[in-house]
Structure formats: C-alpha cells, structure tokens
Amino acid sequence: MIADAVADAHRREWGYVLAATVRVTRDLDLAEECVQDAFAKALVAWQDGIPAKPGAWLTTVARNRALDLLRRELTMRRALPLLVEEQVAPEPTEPEHIPDDRLRLVFTCCHPALALEAQVALTLRLLCGLSTAEVARAFLVSEPTMAARITRAKKKISQARIPYRVPDPEELPARVDAVLAVLHLLFTTGHTAPSGDQLVRHDLVVRALDLTRMLHSLLPTPEVTGLLALILLTDARRATRVDGTGRLLLLEEQDRALWDRQAVDEGLVLVREALQQGPPGRYALQAAIAAVHADAATWEETDWREIVALYALLEHRWPSPVVALNRAVAIGMADGPAAGLLALAALGAEPSLASYSYLPAARADFLRRLGRAAEARSAYEEALLLTENTVERRFLERRLSALNANPS
Amino acid sequence: MSQYLVLIYGDEKANAEAGQGQWDETMKGHNDFGQKHAEKLAGGNALQGVDTATSIRKDAAGAATVTDGPFVETKEALGGYYLIEAKDLDEAIAVAKDVPSPFGGLEVRPIMVFDR
C-alpha cells in the first residue's frame, strides 16, 4: 500500500526531512510547507515503486522545492528574519550525503528561552510532524490556542535569533538537560494522562520513545541513555497497568508475565550502561529503580531496601518533594506501614505537595494496612478531591467503598 | 551581527542597604564586564534611582499629564542597560550572564531592525 508506506515514512522520517530542509530555507514555515509538499508528491510518485531510502527521497524533493521557491521569491519581502546558523546554507547534495540535522532542530525547539509548553509543542510539531490540531489534542487545549502558541514560539526563534545549531561543548550539558526535560514531560504526560478517561495516552508515549531513541543514536550521553532506559522499563508494563475493563492495576496486582520482555531486556542493558558512565543523574537513577522492579519475578520478591537506597541517592542528586514522597512509600514497603506513615508525616508540611493526590493516597494505603479505617477513609476522600484522571478516581473510589463495606 | 539590549533590574532598597563593600564589588563587576566584552559593547548606562523618575502619559486628545514616579511600580526597578552586539541569542545570553545583577536579574531583548 502506497498510503501506508507514506504514512510510515511520515512517522519515521518527518524530523529528518524537515531538519535537512530548514538548512536550505532557514525559515521554519517555508520548510514545513516544502516537506508537506514532498509527502504529497510521494503519494503519487511512489506508485512506480517505493524508494530504497524514503527519507533521502523526501529530503531531495523537499529541498528542491525550497530552492525553487526561494529563487522565485528572491525579490519578495520576508515576514520574518532568517534563522541563524554558523554556515551558509548548503547546496543540495547527493541523497547519500544529506547530513542528519535533527540535533540542530532538537536544540532549537527545546531552547530554554522558549516556554516549556512551547518547547513541547514545537518538538511534536517539527520533529514528529504532528498537525497543530493533533498537538492541541495531546495537551487538551483548543486548536486556536495551540496555533497561537506555536506561531509565537516560531516568531521568537526568528526575531530573538535563537540559533539553528548544536550548542558549544561548555553549554551542551545544560542544553541536553533541557531537551531531556521536554522528552520526559512528553513521556509522563502520555504515561499517566493528567485528566480524561484514558490512563495512558499511548500515542504520546510512542513519540517520546521515538524521540529519545533518536537523541540517543545521535548523542549517547549517560543521561540520554538513562532516560531511554527509564521510558523502556516503565512502558514495558503498559499492557498490565489496567485490566480488560479499564480498571487501574497497581504494580502489586500486575501480571508480570505480560510485561514487554524485549523492552525490559533492552532497558536493563541501557541502565547498566548509564550507571557505568560516571555518577548517575536523575534519569539513570529513576531507570535503576524501574530496573529493580523489572528484575523482581513477583511483587513479594521486590528488593525494597535497594529501592529505598536508590531513592535516597535520587533525592540527593535531584531534591524534589515528589522523590521524597516516593522514598517514604518505599520505606513503608521495606519496614512496614507504620514506618511508611512516619516517613510520610515529615512531608505533610511541604507546600508543593499540598495539591498532590499521591500524598493522601499513599497515607490512605498505609492507614488501611494498619487497620485505621476511619483515618484511611478521610485520606482517600482527600486524594479523590485532588485527582482528575477518571481511571485513578475509580481506583480510589473502589478502595474507599471496600473500607466502607468492611469497617474495622 | 545583531544588537540586543540587556536591561538590568534590581531592588534599589536592598542595594542601598548593602553597604560600600557590595557597591565596590558591583562597580568592579561592571569594569570587568566592560573590559572582557569591549568589542561587543555598543553602549550602556547606569540610571539614577526611580525616585528621580518622571512619567508622562498622553490622553486620547494628546494632552500630556506629567507625574512623579516610574511608569510601572515594581519591586525590582530598571537600573541600567547595556547595548551589545551578538551573532545570536545564545551569544547574547553568554555575554549578559557576565553583567552584575546582585539584587535582581537581567532581561535580554533583541533590537528591532527596520528595512531601509
């Protein structure tokens, strides 16, 4: 099927083709137009045979179109200044010699001078080829709102002269962190949708995984390796996180035989790689925690002491109330619910956790295990007030009604 | 090359209370900045405090009202600026990071270029 081949190329090659075309146009809108045009041409041209290298074919067509338009438009006034890069735009070369410019595109999209939400939107749009409507849907905002956000970001890139290039070595680590923050946000948004009827937005998870793989192939630093491992190990549990009726299943209840073994194995290799490359960063540590779960054949066999130790390292490396909360929960698993409750109590005053539903939910669980039903009930009620994901709400309601049915 | 304006914002009260040592350090910071980036500097000035500011607003008919005080009251007031040359925002940010801003921060804005 030609349409399938073009759709497949769109998913795999969009970012590559666009990044190479931007080198010619030095204008994001014009490049997008030319790449869209190349995909439209492919629908017809590929009927005579699908090219061996679809990405190279598409790039050549898009870049030729861009050169053609640029020649004809030479006298026209541009709406926005050209993108800044250190070299002059290259002439189109043989398809085999098209450089992979996706790193430049990543660093431009994820520039810290842009708002985080704009960075995410641009990444989905320019590197993944999502339409404005699709990006808007992914973040549950209206299409005009998202269109305005993308337009404003592109305008800033051009007018403030955010460059189209890979940062210098001395600024690279901080800039890679910014890219990883975007990819991680994309993944977590997909992994547990902040609101709505579905627990997982699988499309976003796949995009996050594809983008992280791409970044890892071009720039395999320990933290990039760590994030890739984290996504693989977390997403390996996808099939088991809800049951057939959409009911949320805890790690404890999941059928580990159904975890994606291939993803787990790949993730474990990557975790080891990331940990061997020096002091582990936050993603490598989070991946190491996921690896301990992946290594345990059953919930009972989980090495909770190891998990507590890893969370302590993570809290040291990346102090965050959410990490402290996770560590407290792990302490409860290692040393019993009373110890867990005590560890959680220390977090009660943390203002940034005041509206975080997982804090009362964790407290409720420990109270339930201790048989303190009345207190557990009010903690579940508090958690319910704070969560907007339907699947998570149903889980909490189920726990609450079990307590009501069986008061102790 | 493009031009960027680096606006220096700071808490005037905290600055005034910080004493001579801090003042000397800030002045040294500006001198160091001026030397390190001499070839990228296109201008710059320190401003007198907001106590000296006068604001002018015109109504629809064009009549001006002159009032005492800054245009916008903020805790951190504009206290000075540099006009710098940079090839892109990354370079502008790298240069601006060397500007002392002990009681506030900096804002980097590209200068608008008009066609002919």
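## Contacts of A:L127

Two residues are in contact if their C-beta atoms, placed from the backbone, lie within 7 Å. In this predicted model, A:L127 touches A:G15, A:R102, A:L105, A:V106, A:C109 and A:L211, leaving aside residues up to four places away in sequence.

A:L127 belongs to helix α5 of chain A, which covers residues 116-127. A residue counts as buried if 20 or more other C-beta atoms lie within 10 Å of its own. A:L127 has 23 such atoms within 10 Å, so A:L127 is buried. A:L127 and A:R12 are 115 residues apart in sequence, yet their C-alpha atoms are 9.8 Å apart in space.

## Helix α12

Helix α12 of chain A runs over residues 282-295, 14 residues in total. At 1.5 Å a residue the helix should span 20 Å, and its end C-alpha atoms are 20 Å apart, so the two values agree.

This helix is mostly covered, with 12 of its 14 residues buried. Among them are A:Y283, A:L285, A:A287 and A:H293. The buried residues of α12 pack against α8 (172-191), α10 (222-235), α11 (261-276) and α13 (304-317) of chain A. Apart from residues up to four places away in sequence, A:A287 touches A:G226, A:A229, A:L230, A:L233, A:G267, A:V271 and A:A274.

## The largest nonpolar core

The largest nonpolar core contains 128 residues, and A:L233 and A:A287 have the most contacts inside it. Helix α1 of chain A (residues 2-25) gives the most to this core, with 10 residues. Domain 1 (4-99) and domain 2 (355-408) of chain A both contribute residues, so the core lies between them.

Notes. Residues are numbered from 1 along each chain as its sequence is written. Chains are lettered from A and ligands numbered from 1 in the order in which they are written. This is a predicted model: local features need pLDDT of at least 70, side-chain atom pairs count only at pLDDT 80 or more; totals for chains, interfaces and linings use all residues. A nonpolar core is a set of buried Ala, Val, Leu, Ile, Met, Phe, Trp, Tyr and Cys residues joined through C-beta atoms within 7 Å. Helices (H or I, at least four residues) and strands (E, at least two) are DSSP runs, numbered from the N terminus. Domain bounds come from an automatic or database domain assignment. The expected span of a helix is 1.5 Å times one less than its number of residues.
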